[in-house]
Amino acid sequence: NDAGAFYHEAQTLNTVLSESPGDYMRLISGIGANEELSVKYLGQTNHWDSGKQAIFHDNRNIIRVHAIIDLFSVGSIFVHMIIFCFISLIGTYLLFLALRKYSLLKPWLIFSLLLLLPNLLFCSSGILKEPLIIFGLGALAFSLVAKASKGKKIFFGSLGLFVMLCFKPYI
């Protein structure tokens, strides 16, 4: 139910673009957005204002991501699914790159286990927050243990931390 709600609320958010591009940019970025603006355009939604959040409003952030994808998905939920699965696959691959350094298992076996682990496969194959969390964990793990340039480590570490804070700050 949440997946469909996030998707439909993103479509509701995108209707603001034709009415007021400035208000749309304020709602998408969160900069300059206030409660009156939220109530005016998104008052009938359930997940946009699901309560005050301490750090980041993770429900709003997932709706924002879906709204951005919806701009070029032509209203197809399958495009959202493919993008989220691809993001999850990248995260799984980055996690694999981090784990293979410390495992005695063959690399193909590690990747197969990560890819086919039932809980990971189930959680990371939808259009909720979990695929982004898998990506964030993978990017963060990669930045901590990979033999890469300092700039690459900082980039992946910052990206992973940012994604984790935006979508599940308590993890």
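Me: Which helices each supply at least two residues of the nonpolar patch?

Reply: Helix 5 and helix 6 (107-116) do, and helix 5 gives the most, with three residues. Bear in mind that this is a predicted model.

Me: What makes Phe86, Leu89, Ile90, Leu115 and Leu116 a nonpolar patch on the surface?

Reply: To join such a patch, a residue needs over 30% relative accessible area and no salt bridge, and nonpolar side chains are linked within 5 Å. These five residues form one, and together they have about 440 Å² of accessible area.

Me: Why is leucine 116 called exposed?

Reply: Exposed means over 50% relative accessible area. Leucine 116, whose place is in helix 6, has 58% relative accessibility, so it counts as exposed.

Me: And why does glutamate 36 count as exposed?

Reply: The reasoning goes the same way: the cut-off is over 50%, and glutamate 36 is at 58% relative accessibility, so it counts as exposed. This glutamate lies in helix 3. Between glutamate 36 and serine 103 there are 53 Å in space, C-alpha to C-alpha, for 67 residues in sequence.

Me: Now the cysteines. Why is cysteine 85 called partly exposed?

Reply: Partly exposed covers the range between the buried limit of 20% and the exposed limit of 50%. Cysteine 85 has 29% relative accessibility, so it falls in that range.

Me: Is cysteine 166 buried or exposed, and what makes it so?

Reply: Cysteine 166 has a relative accessible area of 7%. Buried means under 20%, so cysteine 166 is buried.

Me: What makes helix 8 largely enclosed by the rest of the structure?

Reply: Of its 16 residues, 12 are buried, so helix 8 is largely enclosed. Among the buried ones are Pro131, Leu132, Phe135, Phe142 and Val145.

Me: How do you know that the reach of helix 8 is close to the expected one?

Reply: Helix 8 (residues 130-145) spans 23 Å from its first C-alpha to its last, and 22 Å is expected at 1.5 Å a residue.

Me: What does the comparison give for helix 1?

Reply: Helix 1 (residues 2-19) has 18 residues and reaches 26 Å, close to the expected 26 Å.

Me: Which helices do the buried residues of helix 1 pack against?

Reply: They pack against helix 2 (21-29), helix 3 (35-42), helix 4 (58-73) and helix 5 (77-99). The buried residues of helix 1 include Phe6, Tyr7, Leu13 and Val16.

Key
Residues are numbered from 1 along each chain as its sequence is written. This is a predicted model: local features need pLDDT of at least 70, side-chain atom pairs count only at pLDDT 80 or more; totals for chains, interfaces and linings use all residues. Side-chain values use heavy atoms; hydrogens and water are left out. Helices (H or I, at least four residues) and strands (E, at least two) are DSSP runs, numbered from the N terminus. The expected span of a helix is 1.5 Å times one less than its number of residues. Buried means under 20% relative accessible area, exposed over 50%, partly exposed in between (1.4 Å probe, protein chains only). Contact means heavy atoms within 4.5 Å. Patches are made of residues with over 30% relative accessible area and no salt bridge: like charges are joined within 9 Å, nonpolar side chains (Val, Leu, Ile, Met, Phe, Trp, Tyr) within 5 Å. Accessible areas come from the Shrake-Rupley method with a 1.4 Å probe; for residues, only the protein chains shown count as cover. A salt bridge is a side-chain nitrogen of Lys or Arg within 4 Å of a carboxyl oxygen of Asp or Glu.
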